[in-house]
Amino acid sequence: MDINIEIEDKLYEANVCRKEQEYDLAVKKYIELYQILKKNKQWYQQYGCEVLKQLCFCYRKKKNIKAAIDSINEAIRLTSKNSLKYECNQTARSNLAICYMNKGVIYDEMGIFDTAIENYNMGVSIFRELVTHNGTQMNLLINALLNLGTAYFNNKEYDISKRTFYELLDFLGNNREVDSRGMYAMDYIKKIEGEKA
């Protein structure tokens with residue numbers, strides 16, 4: 001059997017467990033796959049980030065925060081190397097941004113908003129770069145701005161939160177009133193104006 005097909009089959013099985021919220025079994029399958037990937041540099045570079053992101057998600061759902069942070073930090077290390085090695089490899093850059101956003105979510109859920117904001121800003125910065133250079137990742141940038149704006153709001157940094165939500169609305173353009181993210185942003189802007197009043 002082709003090793004790539006075998007790896008993708010194992011990844012699919014683990015993903016099915018994750019989607020069915022069988023997090024213990026999913027973690028077991030992701031770890032088994034991760035051990036296989038670590039034996040081959042090429043496999044690890046190709047699939048490692050995805051497995052580590054999914055491990056992070058499962059650990060977060062299981063409330064094992066240390067393991068979630070360890071997994072996402074390893075994913076960040078791997079994707080940082082890949083994005084430097086392959087220079088403008090957009091997949092590696094996008095993966096790096098997603099990893100920072102995932103790390104931000106962990107701290108956001110713990111109410112550690114400064115650290116969440118720091119990680120969200122890293123992700124947003126990369127998504128902005130990708131949008132500027134070739135127009136890709138617009139939806140991911142909008143989602144990232146939503147997280148960032150909300151974290152600023154929760155941290156009581158209302159002016160920056162409002163600016164972030166306005167940037168999101170600019171990217172949505174004419175869709176701002178029909179897109180749920182636009183409606184969410186407009187609701188938060190109203191809350192901010194209410195706080196300031």
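1. The helices named in this note are DSSP runs of H or I with at least four residues, numbered from the N terminus (strands would be runs of E with at least two). The model is a predicted one, in which local features need pLDDT of at least 70 and side-chain atom pairs count only at pLDDT 80 or more, while totals for chains, interfaces and linings use all residues. Residues are numbered from 1 along each chain as its sequence is written, and side-chain values use heavy atoms, with hydrogens and water left out.

2. Begin with the loop between α1 (3–19) and α2 (23–37), where Gln21 is found. Most residues other than glycine have a negative phi. Gln21, however, has a positive phi, near 60°, and its relative accessible area of 57% makes Gln21 exposed (over 50%; buried is under 20%, and partly exposed lies in between, with a 1.4 Å probe and protein chains only).

3. A second residue to look at is Lys156, in the loop between α7 and α8 (158–172). Lys156 is not a glycine, and its phi is positive, near 65°; with 59% relative accessibility, Lys156 counts as exposed.

4. How do the helices pack? Two packed helices are described by the angle between their axes and the distance between the axes. The axes of α6 (residues 113–134) and α7 come within 9 Å and cross at roughly 155° (axes are lines fitted to C-alpha atoms, for helices over the stretch in contact, and angles run from 0 to 180 degrees between N-to-C directions). α6 is therefore roughly antiparallel to α7 (over 145 degrees; under 35 is roughly parallel, 65 to 115 roughly perpendicular, and the rest oblique).

5. For α5 and α7, the axes come within 11 Å and cross at roughly 25°, so these two helices, α5 and α7, are roughly parallel to each other.

6. The largest pocket has a volume of about 320 Å³, and of its 15 lining residues, the closest to its centre are Ile98, Met101, Asn102, Val105 and Asn147. A pocket here is an open set of points on a 1 Å grid over the protein atoms alone, where a 1.4 Å probe fits, with protein on both sides within 12 Å along at least five of seven lines, and lining residues have an atom within 4 Å of a point. Grid points are joined across faces, edges and corners, and the volume is the space filled by probe spheres set on them.

7. Which helix gives the most to the lining of the largest pocket? That helix is α3, with 6 residues, while α3 (41–61), α5 (90–109) and α7 (138–154) each supply at least two.
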